[in-house]
Amino acid sequence: MTTLLEPLRRIAAYAVCADSVGRVLLVRASERSGTPGTWSLPGGAVDHGEDPHHTVVRETAAETGLSVSVAGLHDVLADMRALPERGITIHTDRLIYQVSVRGGTLTDRVDRPTDLARWFTPTEARELPVRSFTARALGLPTSSADIVPDEAPEFPSFYAVPGPDGLHRAQRFAAYAVVTDPDDRVLLTRVSDGYPGAGCWHLPGGGTDYGEQPAAALIRELVEETGQTGRLVELLGVASHRDAASLGPEGYPIDWHGVRAFYRVVVDQPAPPTVADVGGSTCEARWFGREELGALPADRLTEVTAEAVQAARLT
């Protein structure tokens, strides 16, 4: 029964890398992994406080012997898989980057979780046992050896653990939206007192639930925080921010690492904003005209909001 397995959660970054003749780079899981013999994109877990851009470069070098540079964000997705032999279920938020090779030599690894790295044509890749997230990223058939849990287990939206420096630390994945309406207004939310960034204007959105896809979480959060029904337009990017001693409602400082995907969303039929989750981290939602948005002082916007608004070219 997968419902009896201990739930874990992690964030990871992976590389879609093609050579000059269109072959794609894949790595094989060894007997030391949870899915031996399967092939996937090179990559791995994001360390606490690490920018995922750096993760994908580090992990690709470790697994393949190749040095790569990041060209852009390819996709963001999530999945669950059960590993009964280890007694765990893992939800992984996966950031998929487009990369190109800068140098290095393709290298096999002995006695590691991945043991081979090879180039495959799209036709050859279709014949391989590939992980489901790799198939989705490459547009391949999605049959997979992964065991998918019957249902998402209960897992706290916020989870902090003691770190080596004495502070509790938390790593959280979230999805946020740059929301506009037909009049070109921008929708922002204000952070409640008692939360990091209190009083600042923030993007609608928030942490995703265990087993939830980022896009679905974003549309849910938009309704809960603002009362608006939105239409997803595009993925804008990913932001990684660390606050090494954030004090929130928990009452003790936390070394907080947030990895946030942000999207462009359009509300075709805007309504007066309403906050359904009373008493939570959002105390107000409001539509801003472009001039109003541009006139807001930098210290009135959260870090991720300023970055996303710039990426969407709204100011």
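Guide: Buried means under 20% relative accessible area, exposed means over 50%, and partly exposed lies in between, with a 1.4 Å probe and protein chains only. Helices (H or I, at least four residues) and strands (E, at least two) are DSSP runs, numbered from the N terminus. The model is predicted: local features need pLDDT of at least 70, side-chain atom pairs count only at pLDDT 80 or more, and totals for chains, interfaces and linings use all residues. Residues are numbered from 1 along each chain as its sequence is written, and side-chain values use heavy atoms, with hydrogens and water left out.

Visitor: In which sense do β1 and β6 pair?

Guide: Strand β1 (residues 6-17) and strand β6 (residues 88-104) pair in the parallel sense over 12 bridges, with I11 opposite D93 in β6. β1 also pairs with strand β4 (residues 43-45), in the antiparallel sense over 3 bridges; there, G43 is the bridge partner of Y14.

Visitor: Why do β3 and β7 stand at the edges of their sheet?

Guide: The open sheet has 3 strands in the order β3-β2-β7, with antiparallel pairing. β3 (39-40) and β7 (114-120) each have a single partner strand, so one side of each is left without a neighbour in the sheet. Strand β2 (residues 24-29) is joined to β3 by 2 bridges, and R28 stands opposite W39 in β3.

Visitor: Why does L140 count as buried?

Guide: L140 has 10% relative accessibility, so it counts as buried. L140 is found in the loop between α3 (132-138) and β8 (161-162). Contact means heavy atoms within 4.5 Å; leaving aside neighbours within four places in sequence, L140 is in contact with P122, A125, R126, V130 and A135.

Visitor: Why is R220 called partly exposed?

Guide: R220 has a relative accessible area of 21%, so it is partly exposed. R220 is found in helix α4 (residues 214-226) and touches G207, T208, D209 and E212, not counting residues up to four places away in sequence.

Visitor: What makes the chain as compact as a globular protein of that length?

Guide: The chain contains 6 helices and 15 strands. Its radius of gyration is 21 Å, close to the 20 Å that the globule rule gives for 315 residues, so the chain is as compact as a globular protein of that length. The radius is taken over C-alpha atoms, and the rule is 2.2 Å times the number of residues to the power 0.38. Buried residues make up 46% of the 315 residues. Of the contacts with a separation of 6 or more, 71% come from residues 24 or more positions apart.

Definitions and conventions
Pairing = 2+ DSSP bridges.
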